[in-house]
Amino acid sequence: MVNMMVDLGGLRMKNPVTVASGTFAAGAEYADFVDVAALGAVTTKGVSLGGWEGNASPRIAETPSGMLNSIGLQNPGVAHLKEHELPWLAEQGATVIVNVSGHSVLEYMQVIDALEEAPVHAYEINVSCPNVDAGGMAMGCSPLSVGQVVSRCRSLTSRPIIVKLTPNVTDITEIAKAAEAFGADAISLINTLLGMAIDAHRRRPKLARVVGGLSGPAVKPVALRMAWQCSHAVRIPILGMGGIATGEDAVEFMLAGATAVAVGTANFTNPHATADVIDGIQRYCDMHGVQDVNELIGALEC
C-alpha cells in the first residue's frame, strides 16, 4: 500500500488531490460521480462577502487545448455558503478549503471573519482572478499588496492560509516570497493566463469582457515551470495546478516541487477526473516502487 497522505502547510490531506476553485462548485454537483470525502480536499468556488453577479455573457470560449472563461467570480455570498454548501460538505466528511475573494482588503477580512465558526479546514486567498476590475489579479501583481492582504488575513485565523498566485506577472517568485514573508502557510499556482479569442467572421471578441482566463492542457508547461521556480524560491508547500487531467500530470507537478495538486478544467469534460488522478498517482507509485507519495515532492533530477 502507498501512503498517500500529505501535509499542505498544516492541512492534512488523505491524498494530494483537490479541485481548482470554480471548476467543482462546492461538490454537490459532482456527488453522483465522485465521493467528495475521498478527495484530499474540496476547494470551493470563490466566495465574497455579498453576492456577485459576475460578468456579462458570453463568458466562455473554447480554445485549442483549453478554454477561456470570464465568469467574474459569480457567487451568492458567504452567508449562502455557510447555510447550504458547508453543512452538506460536513455531512459528507469532506476536508474543505474555502476560496476567499474580495474587492478590497477589508472584504477579504470580513469573509474570513464570517467563516471562523464554520466547518472549514483552510482558506485559499484568491489574489489572482483576471476577470474582476478590483481585487483579484489587481492585488496579486504587487508583492506589497499581496503582503497586505495576507498579513491582515493572518491576524484573523489560525487555520492554514494558502495564497493563490497569478501567472500574469514578470517574476512569480517575488510574489511567492512576499506571501511567505507575510504569513502564508502555502501557495497555490497557477491561476489562469490572461488571453482572448476573436470571431473573425463577426470581427468581434468571443467574450463580452474581451479578455478572459485561459486554462486547460495548453497552460500546463507554464504552470509546471512556475511551480518548479517557486519550489526553489520559498520553503512553504505548493499546491500545483494547470492542465492536470491524469495521474502522470499530477506526478509531474510533484516532481517539480508541488506537495499537492488541483484538478480544474478536466472536471468539465470528465466528471470522474479527480478520482482518475488519484488512481493514476497510486498506479505510478506501484509501478516505480514508491511507498510514500511524499518521496515524489521535488524529486526532479536536473
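In which hand does α5 pass α6, right-handed or left-handed? In this predicted model, the crossing of α5 past α6 is right-handed.

Two packed helices are described by the angle between their axes and the distance between the axes. For helix α5 (residues 172-181) and helix α6 (residues 220-231), the axes come within 9 Å and cross at roughly 50°. The two helices are therefore oblique to each other. On the α5 side, the meeting residues are Ile 172, Thr 173 and Ala 176, and their partners in α6 are Met 226, Gln 229 and Cys 230. By type, the residues of this contact comprise 4 nonpolar, 2 polar and no charged. Burial in α5 takes in Ile 172, Thr 173 and Ala 176, along with Ile 175, Ala 178 and Ala 179. Just after α5 comes Gly 183, whose phi is positive at about 115°.

Helix α1 (residues 78-92) packs with α2 at an angle of about 35°, and 10 Å separates their axes. Their crossing is right-handed. From α1, the contact draws on Val 78, Leu 81, Lys 82 and Leu 86, while α2 supplies Val 111, Ala 114 and Leu 115. Here the residues divide into 6 nonpolar, no polar and 1 charged.

Attention now turns to the interior. In soluble globular proteins, nonpolar side chains tend to be buried together. The largest nonpolar core of this model holds 89 residues, and the most contacts inside it belong to Val 98, Leu 115, Ile 125 and Ile 187. Helix α2 (residues 105-115) is the element that gives the most to this core, contributing 6 residues. What surrounds Ile 125 once its neighbours within four places in sequence are left aside? Ile 125 is then in contact with Val 100, Tyr 108, Ile 112, Val 149, Cys 153, Ile 161, Ile 162, Val 163 and Lys 164.

Leu 106 is found in helix α2, and Leu 106 is exposed because its relative accessible area is 51%, where exposed means over 50%. Between Leu 106 and Cys 153 there are 9.3 Å in space, C-alpha to C-alpha, although the two are 47 residues apart in sequence.

The loops bring some backbone details worth a look. Ser 57 and Pro 58 are joined by a cis peptide bond with omega of about 0°, and Pro 58 sits in the loop between β4 (42-43) and β5 (60-63). Another cis peptide bond links Leu 189 and Ile 190, with omega of about 10°. Ile 190 has its place in the loop between β10 (186-189) and β11 (193-196).

For Val 210, phi is near 80°; its setting is the loop between β13 (204-205) and β14 (211-215). Is Val 210 buried, partly exposed or exposed? With a relative accessibility of 33%, Val 210 counts as partly exposed.

Notes. Residues numbered from 1 in each chain as written. Predicted model: local features only at pLDDT ≥ 70, side-chain atom pairs only at ≥ 80, totals over all residues. Heavy atoms only, no water. Axes fitted to C-alpha atoms, helices over the stretch in contact; angles between N-to-C directions. Helix = DSSP H or I, 4+ residues; strand = E, 2+ residues; numbered from the N terminus. Parallel < 35°, antiparallel > 145°, perpendicular 65-115°, else oblique. Left-handed = near helix turned anticlockwise from the far one by under 90°. Contact = heavy atoms within 4.5 Å. Nonpolar A, V, L, I, M, F, W, Y, C, P; charged D, E, K, R; others polar. Buried < 20%, exposed > 50% of the residue type's maximum accessible area, 1.4 Å probe, protein only. Core = buried A, V, L, I, M, F, W, Y, C linked by side-chain atoms within 4.5 Å.
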